[in-house]
Amino acid sequence: MRLDKYLKVSRLIKRRTVANEACDSGRVLINDKPAKAAANVKEGDIISISFGNKEVKVEVLDVQETVKKEEAKELFRYI
């Protein structure tokens, strides 16, 4: 699955366009490497997102095309 779509589906970032912009500006890393919006996300990847002075690090547990809001938290775990 594309990185920008995963960030939206997992609700780490609310909108796909915002996820796309974050990737293009280099604020999103997959396994400590800068990632483009089209980068492929798979289980076991570590995603780091910089929000201003705060950084969020998560491990991908599952990849699904669509999930309910309540189940979105099960797609990743915070590190």
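Contact, in what follows, means heavy atoms within 4.5 Å. The model I am showing is a predicted one.

I'll start with Ser48. This residue sits in strand β3. Is Ser48 buried or exposed? Its relative accessibility is 3%, and the cut-off for buried is under 20%, so Ser48 counts as buried. Not counting residues up to four places away in sequence, Ser48 touches Arg27, Val28 and Leu29, and also Glu55, Val56 and Lys57.

The largest nonpolar core has 24 residues. Which residues have the most contacts inside this core? They are Leu3, Tyr6, Leu7, Val28, Val41, Ile47 and Ile49. Two or more residues each come from α1, α2, β1, β3 and β4. Helix α1 gives the largest share, which is four residues.

Now helix α2, residues 16-24. Its buried residues are Ala19, Ala22 and Cys23. Looking down the axis of α2, these buried residues fall within an arc of 100 degrees, so they line one face of the helix. As a reminder, an α-helix has 3.6 residues a turn, so residues three or four places apart point the same way. What do the buried residues of α2 pack against? They pack against α1, residues 3-9, and against β1. On the other side of α2, the exposed residues are Thr17, Glu21 and Asp24. After the helix comes Gly26, with a positive phi near 80 degrees.

In general, most residues other than glycine have a negative phi. Asn31 has a positive phi of about 50 degrees although it is not a glycine. Asp32 also has a positive phi, near 65 degrees. Where is Asn31? It is in the loop between β1, residues 28-30, and β2, residues 33-34. Asp32 lies in the loop between β1 and β2 as well. As for accessibility, Asn31 is partly exposed, with a relative accessible area of 35%. Asp32 counts as exposed, at 59% relative accessibility.

Next, Ala72. This residue lies in the loop between β4, residues 54-60, and β5, residues 76-78. Although it is in a loop, Ala72 is buried, with a relative accessible area of 2%. Apart from neighbours within four places in sequence, Ala72 is in contact with Val9, Ser10, Arg11 and Val67. Ala72 and Leu61 are 11 residues apart along the chain, and their C-alpha atoms are separated by 11 Å.

Last, the largest pocket, where Ala72 comes up again as one of the lining residues. How much space lies in this pocket? About 160 Å³. Ser10, Arg11 and Leu12 are part of the lining, together with Phe51 and Val56.

Key:
Residues numbered from 1 in each chain as written. Predicted model: local features only at pLDDT ≥ 70, side-chain atom pairs only at ≥ 80, totals over all residues. Heavy atoms only, no water. 1 Å grid on protein atoms, 1.4 Å probe; cavity = no way out; pocket = protein on both sides within 12 Å on 5 of 7 lines; lining within 4 Å. Points joined across faces, edges and corners; volume = space filled by probe spheres on them. Buried < 20%, exposed > 50% of the residue type's maximum accessible area, 1.4 Å probe, protein only. Arc of directions from axis to C-beta. Core = buried A, V, L, I, M, F, W, Y, C linked by side-chain atoms within 4.5 Å.
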